[in-house]
Amino acid sequence: MNQPLNLEFVLVSSDYAMMQAVSKGVKKFGARFVLVPTAHEARDCLYRRKIDGVFVDLEVPGALGLIESTRKGSSNSRAVIFACLVNAKESAQILAVGAISSCASP
């Protein structure tokens, strides 16, 4: 039996389908995640807690600013950031502000 990973992620989204997908993947590895629906709440959460990664729905207003401020800040600046976007053409911009990966939804 595999030991669960002691990892914690933050999901910034109010989209139910995205929450289900991230939840399934994170729980598969025994990790936990916190769901926050806005970029403002995510900033507060990232300031208060040490986390291992962030999933950011780019449909959330302020998502790009959240990624950029997380990278430039002192709290969680080295956390893995996954940007979830609708239009794959935006991926270069997402990577430029500090996400390490982007995934386009169909």
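## Salt bridges and a right-handed crossover

Let's start with Arg32, which counts as partly exposed at 46% relative accessibility (buried means under 20% relative accessible area, exposed over 50%, partly exposed in between, with a 1.4 Å probe and protein chains only). This is a predicted model, in which local features need pLDDT of at least 70 and side-chain atom pairs count only at pLDDT 80 or more, while totals for chains, interfaces and linings use all residues. Residues are numbered from 1 along each chain as its sequence is written, and side-chain values use heavy atoms, with hydrogens and water left out.

**The salt bridges**

Searching the whole structure turns up 3 salt bridges, each being a side-chain nitrogen of Lys or Arg within 4 Å of a carboxyl oxygen of Asp or Glu. As background, side chains of opposite charge can pair when their charged atoms come close. Here are the pairs, with their N to O distances:

| Glu8 | Arg32 | 3.9 Å |

With 9% relative accessibility, Glu8 counts as buried.

Glu8 sits in strand S1 (residues 8-12) and Arg32 in strand S2 (residues 32-36), 24 residues apart. Helices (H or I, at least four residues) and strands (E, at least two) are DSSP runs, numbered from the N terminus.

**Helix H3**

The pair of Glu68 and Lys72 is found within helix H3, where the two residues are 4 residues apart, about one turn of the helix. Glu68 is partly exposed, with a relative accessible area of 33%, and Lys72 counts as exposed at 66% relative accessibility.

Which residues of helix H3 are buried? In this helix, residues 63-72, they are Ala63, Leu66, Ile67 and Thr70. Looking down the axis of H3, you will see the buried residues fall within an arc of 95°, so they line one face of the helix; the arc is that of the directions from the helix axis to the C-beta atoms. In general, an α-helix has 3.6 residues a turn, so residues three or four places apart point the same way.

**From H3 to strand S4**

In the loop between H3 and strand S4 (80-85) you will find Asn76. Asn76 has a positive phi of about 65° although it is not a glycine. At 7% relative accessibility, this Asn76 counts as buried. For context, most residues other than glycine have a negative phi.

Strands S3 and S4 pair in the parallel sense over 5 bridges (two strands pair if DSSP finds at least two bridges between them). Across this pairing, Asp57 stands opposite Cys84 in S4. The chain runs from S3 through H3 to S4 in a β-α-β crossover that is right-handed: with the strands pointing away from the viewer, the path from the first strand over the helix to the second runs clockwise.

**Cysteines**

Cys84 counts as buried at 10% relative accessibility, and Cys45 counts as buried at 2%. The structure holds 0 disulfides, a disulfide being a pair of cysteine sulfur atoms within 2.5 Å.
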